[in-house]
Amino acid sequence: MQRNDKFTYYLSVEGETEQYYFEHLRDLINADPNAEHTFCLKCVVEKSPKSYAKRLISRSVENIAHICDYESKDEVHVRNFTDVLDELADARETKGLDYKLGYSNYAFELFMVLHKIDCNACLAHRSQYLKDINKAYGEDFKKLKDYKREDNFKRCLSKISLADVRAAMDKAEKIMADKAANGLKETEYKKYCYYVDNPSLSIHNIVKEILDFAYRKEGL
């Protein structure tokens, strides 16, 4: 089919696994004949949104998000996370960028698991995702660092379809809806909202926005 036009989404991400994931999502969308628009991805591994914003100072950027983890309630991790939110807010206020937040609590592994199976239990440590990663992808990794090795991670990605992506979004939305239904309150900091208890995430909102752009029938 003839596609109408392309849309560009800018991402700063904490690590290479996140970058590989969004590159895989781009390839899935662009290979899908049902997509209405071509997805152009500008993704860099950059833990500092402020640094990425400086690179974009001369550009007109409409769609931009930062992908990161809320690693734990430990003081150092909380401070690291709020530092990121400070930088996102600064980019919004000084550069005029609508810099969105896509977080995972504890980790991006939560979102990866949700592509295949439910993962709605509160965990004591991020390393506990390994069991669910192995179950979800039919693997036998001994450590998370083995799973994150490029060849191993990309093998897991090869098992993810667009249907899996949509399933992960549905599971993520249910996790967040259950939290609200149980009376839990999000923490708000500089207009960014998040839960301090795992599992919680908002990365699926970024994925949803990308899919909405890709499959929108009217022009961008």
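Predicted model: local features only at pLDDT ≥ 70, side-chain atom pairs only at ≥ 80, totals over all residues.
Q: What makes β4 a mostly covered strand?
A: A residue is called buried when its relative accessible area is under 20%, and seven of the seven residues of β4 are buried, which means that the whole strand falls under that cut-off.

Q: Which residues have the most contacts inside the largest nonpolar core, and why is it called a core?
A: The term requires buried residues of the nonpolar kinds listed for a core, joined through side-chain atoms within 4.5 Å, and the largest such set has 75 residues. L11, Y21, F22 and M112 have the most contacts inside it. In soluble globular proteins, nonpolar side chains tend to be buried together.

Q: How do you know what Y21 touches beyond its sequence neighbours?
A: Contact means heavy atoms within 4.5 Å, and, with neighbours within four places in sequence left aside, Y21 is in contact with F108, F111, M112, H115, F153, L157, I160, V165 and V207.

Q: What makes up the lining of the largest pocket, and which element gives the most to it?
A: A lining residue has an atom within 4 Å of a point of the pocket, and 21 residues line this one, of which E14, G15, K47, D69 and E71 lie nearest its centre. At least two residues each come from α1, β3, α3 and α4, and α3 gives the most, with six. By class, the lining divides into five nonpolar, four polar and 12 charged residues, around a volume of about 400 Å³.

Q: Which elements supply the lining of the second largest pocket, and how do its residues divide by class?
A: About 190 Å³ of space lies in this pocket, which is lined by 15 residues, with L101, Y192, C193, S202 and N205 closest to its centre. Two or more lining residues come from each of β4, β6 and α9, and β4 has the largest share, four residues. The lining of the second largest pocket comprises seven nonpolar, three polar and five charged residues.

Methods. Residues numbered from 1 in each chain as written. Heavy atoms only, no water. 1 Å grid on protein atoms, 1.4 Å probe; cavity = no way out; pocket = protein on both sides within 12 Å on 5 of 7 lines; lining within 4 Å. Points joined across faces, edges and corners; volume = space filled by probe spheres on them. Nonpolar A, V, L, I, M, F, W, Y, C, P; charged D, E, K, R; others polar. Buried < 20%, exposed > 50% of the residue type's maximum accessible area, 1.4 Å probe, protein only.
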